[in-house]
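Biologist: I would like to learn how to read a few features of a protein model. Can we go through them one at a time?

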Amino acid sequence: YSANKLAVSSYGQVKYEVENFFSSNNGYAISPGLIVGNGGIYNKIKKFIMLSPMVVVPVNPNKNLLPIVSIENVCFSIKKLLDNEYDRRNYNIFTELLSLETLVNKIITDIKKRRLIFRINANFVLKVMKSFESLGIVLPVSSDSLSGFIANQNYTAKNDSRLLEGSKYD
């Protein structure tokens, strides 16, 4: 959702250009929330939680909510768009809004391990990450990804829930 003309991350900027290309060429653009599956930033978060006994949760002082959608629901929505004619070219899909802390707690419950959670201001974490990166230290998640993640939490999008109607994962 942070993909817009004022996007702060490289990913958001490129995604905005790609969405515009498809929309202006009679294609569709689907903007899913944080996709819960076996890849992407969700998987990086999960792997970090599995390996680390202490988890730092960057807390955004603003809205602090993430739109969440399963990979199954993303696939279901794409199929529904391809099978039907819809009136718009850009769709936002998610099934729930969760705080990052709630998501981390759900992962901890799923992996059945004890973890210490430290809530720290996301902007502070971002500055520390950028400092590490300037020293050549490679982190599991880049500061660019975190900046887009923070922006995503500040952005409110209308959920196009009709693309999820009939999904067994809804």
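Predicted model: local features only at pLDDT ≥ 70, side-chain atom pairs only at ≥ 80, totals over all residues.

Biologist: Which two values describe a pair of packed helices?

Modeller: Two packed helices are described by the angle between their axes and the distance between the axes. Here, take helix H2, residues 40-51, and helix H4, residues 100-111. Their axes are 10 Å apart and meet at an angle of about 55°. That angle makes H2 oblique to H4.

Biologist: Is the crossing of H2 and H4 left-handed or right-handed?

Modeller: H2 crosses H4 in the right-handed sense.

Biologist: Which residues of H2 and H4 meet?

Modeller: H2 brings Tyr42, Ile45, Lys46, Ile49 and Met50. H4 answers with Leu100, Leu103, Val104, Ile107, Ile108 and Ile111. By class, the contact of H2 with H4 has ten nonpolar residues, one charged and no polar.

Biologist: Now the rings. What describes a pair of aromatic rings?

Modeller: The distance of the centres and the angle of the planes describe such a pair. A search of the whole structure gives two aromatic pairs. One joins phenylalanine 21 and phenylalanine 22. Their centres are 5.5 Å apart, with 80° between the planes, and the pair is edge-to-face. Phenylalanine 22 has 40% relative accessibility, so it counts as partly exposed.

Biologist: And how are the rings of tyrosine 28 and tyrosine 91 arranged?

Modeller: Their centres are 6.3 Å apart and the planes are at 50°, so this pair is tilted. The pair links distant parts of the chain, 63 residues apart. Tyrosine 28 sits in the loop between helix H1 and strand S1, while tyrosine 91 belongs to strand S5.

Biologist: Is tyrosine 91 buried or exposed?

Modeller: Tyrosine 91 is buried, because its relative accessible area is 0% and the cut-off for buried is under 20%. Tyrosine 28 has 22% and is partly exposed.

Biologist: Where is glutamate 19, and is it buried or exposed?

Modeller: Glutamate 19 is in helix H1. Its relative accessible area is 10%, so glutamate 19 is buried. Leaving aside neighbours within four places in sequence, glutamate 19 contacts Ala3, Ala29, Ser31 and Asn90.

Biologist: What about backbone angles? What is phi of asparagine 26?

Modeller: Phi of asparagine 26 is near 65°, a positive value in a residue other than glycine. Asparagine 26 lies in the loop between H1 and S1. With a relative accessible area of 58%, asparagine 26 is exposed. Lysine 112 also has a positive phi, of about 55°, and is not a glycine. Lysine 112 is in the loop between H4 and strand S7. Its relative accessibility is 74%, so lysine 112 counts as exposed.

Biologist: Where does arginine 114 lie?

Modeller: Arginine 114 is in the loop between H4 and S7. Arginine 114 is exposed, with a relative accessible area of 80%. Its C-alpha atom is separated by 25 Å from that of phenylalanine 124, ten residues apart along the chain.

Definitions and conventions: Residues numbered from 1 in each chain as written. Heavy atoms only, no water. Axes fitted to C-alpha atoms, helices over the stretch in contact; angles between N-to-C directions. Helix = DSSP H or I, 4+ residues; strand = E, 2+ residues; numbered from the N terminus. Parallel < 35°, antiparallel > 145°, perpendicular 65-115°, else oblique. Left-handed = near helix turned anticlockwise from the far one by under 90°. Contact = heavy atoms within 4.5 Å. Nonpolar A, V, L, I, M, F, W, Y, C, P; charged D, E, K, R; others polar. Phe/Tyr/Trp six-rings, centres within 6.5 Å; stacked < 30°, edge-to-face > 60°. Buried < 20%, exposed > 50% of the residue type's maximum accessible area, 1.4 Å probe, protein only.
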